[in-house]
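Student: I would like a close look at a single part of this model. Please take me through it step by step.

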Amino acid sequence: MEGKNKPLYILVVLICHSFYNPTDSGAVQITESNLDMTLASNEIVFINFYADWCKFSNMLMPIFDDAADEVTKAGYDPGKVVMGKVDCDKEPAISTRFHITKYPTLKLFRNGLPAKKEYRGQRSVEAFAEFIKKQLTDPVVTFGSLKELQSLAEDRRHIIGYMDRRDQYEYETLRKVAASLKDECLFHAGFGDASEPMHPPGQPIVAFRTDRKTSSEPDETYKGSLLNFDELYSWVQKKCIPLVREITFENAEELTEEGLPFLILFYHPDNPESIKKYKEIVSRELESEKQNVNFLTADGIRFEHPLHHLGKSVSDLPLIAIDSFRHMYLFPDYKDMDKPGMLKQFLQDLYSGKLHREFHYGPDTPNMINSDVKVTTPPESSFKKLAPSKNRYTLLRDEL
C-alpha cells in the first residue's frame, strides 16, 4: 500500500471496527469506543440498556435483536437509524452517563440527544419496527395558505416555518428540530406562494406562536441562524418547554411518565416570590441538567400529602425536595438555595447514590457502615403510583 493512502486506510478500518457487530445481525453492540460516533452519525438511535444477570433483559434481547433485523430490512437511508444495545455491567460509564436505574431500559436518541421519555410501549418485533417507522415520519405539517394558520389549535404552542422550498437546508434543520420536539410544540411549514408574503425571497423565517388560551402575544421571530441545528433547537426548546413547570393533579401522570426524577419546590400560594426565586436559580445554575431531571413547582396546600411523607406540613413552606420515584429526599434548608452550587450538589448526590446511602446509614465516613449504625429508611415516593409498572423491570443491584 502506498504511504500516502495509509492514514485513510487506517481511518476506514477504525470506523468499520467501531460499528462491527460480531453476529452480523441484531442490534449493534455499543461501547464507550463507538457510542459518540454512533449518536453523531445517525438521526435515530434506539438503545437497549441491559444486564446479563437480569431475567427481563434476557427475555427482551432476542426480540430486540429480531426487531433490529427488521429495521435493517426496511432499507432506511444510511445515517437514518441504528438499533443498539449496551451491556451496563461492561460499560458502567455509559450507564452512569444516562442515569440508568433499571434493566432493561429502552431509550431513544435523536440527533445525539436523549428523549425525555423512555420507551414503554409494547415489546414485540412489530411494535419496535412500527415505533422506528413513526419516528422517521415527517413531523412538520404543511400549510397551503396563510389563512390556514388562523385556525391552529389555540391550546397548543406552534412553530411556523415560512420557506422557499422543501429541499432547502433551512427546512431540513427545522425538520430535525421538529422531530426532537414534536411532543412539545406543533410544527408547520409553508413553501413558495403559501408563505411568500411573510419573508423575503431566499430568506426563510421561523416563528413561535404561543397558545392563545393563556396569552395574546404576537408571533415571535427566530433571530438566529437556520443553518445551525443546535442554535435553533435551543431556541425552540425554550419556547416550547418551560424550564420550570407547575405540577398539578391533572398533569402529574404525564410528567411522571417522562421517567425523570422531580426536583420540586413546594410553595405556599400566598408566597409567589419563592417561585420567582426558584426559577431564577434553576435557570442560572441548573439548565445543563434539564435532560436528567424535571424542575417543578407544586402548591403545597394541594399537595399536602407529600409534605407529610417528608415529616413536614403547610407551616414549613416553602421547601424543596427530590422525588426519585423510589424515595423522597428533603433539601436540608430552603434558605441554602441561594448559595451557589448547593442545588446542583443536591442533584449530584442523588445521581451518585449518596442521598440514598446517607438516609440509610448517616453521613458518609470511611467506616460509615458498622454494627452501631442505626439503619433508617427515606420516605417513599409520593408519585411512584403514577409511574409505569415496575413488574417489567429489574432494579440495579445496589437499589434492591
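Student: Does cysteine 240 count as buried or exposed, and at what relative accessibility?

Tutor: The model is predicted. Cysteine 240 counts as buried because its relative accessibility is 5%, and the cut-off for buried is under 20% relative accessible area. The angle about the S-S bond is -105 degrees, which makes the link left-handed. This pair links distant parts of the chain, 55 residues apart. Cysteine 240 belongs to helix α7, residues 229-240, while cysteine 185 sits in the loop between α6 (169-181) and β9 (186-191). With a relative accessibility of 1%, cysteine 185 counts as buried too. A search of the whole structure finds one disulfide.

Cysteine 54 has a relative accessible area of 1%, so it is buried. Cysteine 88, at 4% relative accessibility, counts as buried as well.

For the setting, the chain has 400 residues, and buried residues make up 46% of them. The chain contains twelve helices and 17 strands. Among contacts with a separation of 6 or more, 72% are between residues 24 or more positions apart.

Terms used: Residues numbered from 1 in each chain as written. Predicted model: local features only at pLDDT ≥ 70, side-chain atom pairs only at ≥ 80, totals over all residues. Heavy atoms only, no water. Helix = DSSP H or I, 4+ residues; strand = E, 2+ residues; numbered from the N terminus. Buried < 20%, exposed > 50% of the residue type's maximum accessible area, 1.4 Å probe, protein only. Contact = heavy atoms within 4.5 Å. Disulfide = S-S within 2.5 Å.
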